[in-house]
Amino acid sequence: MKILRLSLFNLRKNKREAAAIVFLTMVTVFLLGTAFISITKLGDIFNKAYDETGCMDYIIHFRKDSYREVYKDILEEEYGIEDSVEANGLFAIPLNVMEKNGGKQLHNFGFISLETEKKTEGFDIQDGRSDDDISDIEHPIWLPYAFEMNDGYVPGDTYTIIIGGRTYPFEIAGFYNPGCGNRDGSAMKVIVTDKDFNLLSGVLENTDILAFNGTDDFDINEFLHKCEELSGENVTSYAWVWCRLYENLNEVTFLQIFMGIAAFVSFITLASTVFLMRHKISNDIEDQMQQIGVLEALGYRSGEISLSYIYEYMLTAAAGAVLGTVLSIVFNPVLSKIAGKQMGRIVHMKLNPVMLIAVAFSIVLLTLVFALTKAATIKRYPPVVAFRKGIKTHHFGRNILPLEKTKGNINTRLAFKAFFRNIKQNIGSGICILLATSTLVFGVAVYDFFRDEMAMLYTMGMEVPEEMIFLLDGVDPYAFSEELLELPEVRKTLVSFDTDGVTVEEIGSESDVVSYEDFSETENIFLSDGRYPEHENEIGISLYASRTYGIEVGDSVTVKGDGTRKTMIVTGIIPEASNSLVNVYLTHEGYLSLIPNDTPKVIEVYLEEGVDRNDFERKLYGLYGASAAEMAEANAEGSTLEELIRNSADEQMAILLDRYGITDVDYAIRIGDQLITGQSSVFRIRDIQSTFDQIATQVTPMAKAVKAFVIGMIVFVGMIVAVILSILSFSNVRRQRKDLGIMKSMGYSSKDLMKQLAVSMLPSTIVSTAAGTVLGVLINHIFWLSVMGFIVRASVPMVIATAVLTVLFSYAVTYFAAGKVKKVSVTELITE
Amino acid sequence: MGSILKTDKLCKSFSNGGVQQHVIKNLDLEIMEGDFTVIMGASGSGKSTLLYALSGMDKPTMGSVTFDGEEISGKSNDQLALFRRGNCGFVFQSVYLLENQTVLDNVMTGALIVSKNSPELVNKAKELLKKAGINEKLWNKYPSQLSGGEAQRVGIVRAVINEPKILFADEPTGQLNSASGQEVLNIFTEVHKNGQSIVMVTHDLKTALRGTRVIFFRDGAVVGQYRMPNYGTDDLTVRRAGLQRFLDEMGW
């Protein structure tokens, strides 16, 4: 009973330390519990949500001319899949959409008809107009629920898509929960009526759909290869796949990564908890040495006295674990909401009480083991030693930094002496700060990467010109490029292809092609190894592909294009961050050797600094007439009959050029004696797109989520650092109360002593911050490379600033926490 | 010989369970420069409280303390710390040496807060230690390796290294055996001979004999005082008898 009273006395005496341990244990259990539940359950949650939609496992869009009915036979004969459905679809990658505020967005879309939707999934409507209302809507459209959840659309809103410059206004009839086709990266699945589907099929890429449920041993890549072997055609390059597996990876992986980071942070809190416990036990034993001696003299065994400390930490750790578990339960709905928002669907994360209790129990057990090992040191103090206040207060060691050799400030000298004296404590706090700093640096690097869309884009292994001009067929890109270069706003132009995909056999899946005549002119494609491709038979591959498939510089790979198959030498490895992570890099010659019938149709325009993109677009329209896309959208207007006729004729020509692949149009119109003539050569531009718009669509929501997560993580880690250092500082004041009083009597002011206490922890803070910074940079490097397949270089100034701020923050925390020294009075020396 | 320390209606009270306890009551006292003032009184009479109020270690509840013409009672804690640096030295009843520092470092910790380090300062510290009977072998020892007397002598050296205008001592021999106590008192006598002003609290007759002025304190007020010549300049028996008589009169 006396032992338990000693525990309770210790708890009451050091409320602040006890509260810190409760807080850290609570956070550890909360983070670890939540992370475990999320990591292990997200897959199940996704599968459950997917199952609820009734969506088939695979919906493959074959380009209209590349689908063969035998593919269905392969499914039946080789995989025993007999429930396949054939249908028609439309694909548009990318497509402009009018934003609610009037701006433009680029989305990747796959359109299917209402009839096809009902055949391929359950059409699980979450929110929508009534059937009566829908029958009155001329052009209803059903969008994935993510549009309502994340973009704020509501049923009844107008949703206008722009195809070839022409606007197609739809009215949102409702939102449904899709199985697949729920991410912009793999194209969002939108549903229109059969009538509108037919209308759109005239202006969008038509596809044949083969939808089916897979079996356990079904492999989509194997299936596509079998289709390819059977038909002798390049199937993989011309098939878009929506499937459960890819959807799962797209929706869940990112969340799992961040939950992994949360788990890592929980290890920091765990390390901090253990460190604080051991530190506190050490201090308590030192403080209560004489009491321990008395208890031992009374016949208590050292094991029994050690137990008093274990009771104490059993109480604090258990309190923290209970609070952490409660917090996990309370936070669960919020977590469900966050996960749902990120996945773009309604999800319900079920609590796993067994796992939560197991996590809480493990943490308590672990902390107790660490506490026990420290508390067991009591047996080193038999009564006589304990009465003499143990060996701790007796110093016989070497005098480090003797004061007679002081140069400079005495406070600094005394602080450094204290640093060496408390080396064990400093190593412990150093480890905590090291872990915390590495997390901070990693967090800041991630934040910096997502800070703005362009910053993210610049690391992604693709060019980011301000404008991409898509030319009409027949326009000479090189001549037009030269003409554009004459404009003062234009800094540089590069001619490129609107490329088709190719398949590198060693990789297995289709790769997007990045092709330039001379890669040395590019500004955002960096090599991690080798050199750029320079000749027809040379290829650059992505870093991810290199690591994943073991392809090195100097290896030969077989590349399949449009009916061609060619061996190429890998000359360079390029980090990149496309959706597939397996882009390939080819010279124009190389690309044309694989896709012989293609022609360069894109001019990438780099503008001078300070040039406004919209102003430049307006200038282009002024110089070259509106683009075919713009003209096709415009309504013919004019003040005179001739103007009206010319404008009307231009509009018709634009439609022919833009939508039907016609290259030249001449017209002559006679009105009485007047002959009005014209020709299509005035049109050169099919469309102008900006990479910015597409990035904004795909990256902005993700960047926002990541930034919010990272800011939370940084604040949280900062709090942990603050808790550890302030507790250490407090306990240093408590432990050295007498010495501090003596020094005050000599004339040392509170500020002098606060400075000493803060500076005494500074060397370990600096060293551990430096080591943590290096570790953080390494983690950042390894994280992006292993998880995403590309390199994100942490900004050196940002990293240095983080390290400096961490040190300053740590110093400020220890300095102000040491303010407790103000309460130390010299008069205490009389009363002792 | 002018006044170095003066109190004007000095009051100090403590709250004890809601009840105010007046420890020092309206005290007007003057300490003269070069005096070895001994404050005596029964336990609980307020001697130590007076010592700490005089030295600026504790703030009075009312009234003022003027040190060398400068009022110190209104100063903040940090201002008082700065004031103590050059002006005051302290020797406590308990051996309050910094346990983690060697003998020489303990002395240097006191010295370096006032002066910049120099070979002269280090030599001065070593000389003072030698004079206090702390030989070279002990300079790098830690307090726990010293006897009580040795530790207290180091404490005195630390207190006088900055040549303070006044040296305060609170029962400096209270925890020492007779022989050690005498050694410590000899040092006090020695520094006083060199012109050091000293204010010492004690309840020991032998210790009080070292003073030149004995103030008797009772219930927070000075009830009597007794003057003596410098120690060693008169007959010790006569000195003892005189002081004993005074103390008897005071009801000690």
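Visitor: Which residue in strand 21 of chain A is the bridge partner of Glu467(A)?

Guide: This is a predicted model. In it, Glu467(A) has Val605(A) as its bridge partner in strand 21 of chain A.

Visitor: How many bridges join strand 11 of chain A to strand 21 of chain A?

Guide: Two strands pair if at least two bridges are found between them. Here four bridges join strand 11 (residues 467-471) to strand 21 (residues 602-607) of chain A, and the two strands run antiparallel.

Visitor: What is the order of strands in the open sheet of chain A?

Guide: The four strands of this open sheet are ordered 12-21-11-24, with antiparallel pairing. Strand 12 (490-496) and strand 24 (685-689) of chain A are the edge strands, each pairing on one side only. From one strand to the next, the twist averages 20°.

Visitor: Which strands of chain A does helix 17 lie across?

Guide: Helix 17 (residues 477-485) of chain A lies across strand 11, strand 12 and strand 21, and runs at about 170° to strand 12 of chain A. Helix 20 (residues 613-624) of chain A also packs on the sheet, where strand 11, strand 21 and strand 24 are touched. The direction of helix 20 makes about 175° with that of strand 24 of chain A.

Visitor: How many residues of chain B are in contact with chain A?

Guide: The size of an interface is often given as the accessible area lost when the parts come together. Counted by residues, 33 of chain B are in contact with 29 of chain A. Helix 1 (47-54), helix 2 (77-87) and helix 3 (103-112) of chain B each supply at least two residues of the side that touches chain A. That side of chain B divides into 15 nonpolar, 11 polar and seven charged residues.

Key. Residues are numbered from 1 along each chain as its sequence is written. Chains are lettered from A and ligands numbered from 1 in the order in which they are written. This is a predicted model: local features need pLDDT of at least 70, side-chain atom pairs count only at pLDDT 80 or more; totals for chains, interfaces and linings use all residues. Two residues are in contact if their C-beta atoms, placed from the backbone, lie within 7 Å. Ala, Val, Leu, Ile, Met, Phe, Trp, Tyr, Cys and Pro count as nonpolar, Asp, Glu, Lys and Arg as charged, and the others, Gly among them, as polar. Axes are lines fitted to C-alpha atoms, for helices over the stretch in contact, and angles run from 0 to 180 degrees between N-to-C directions.
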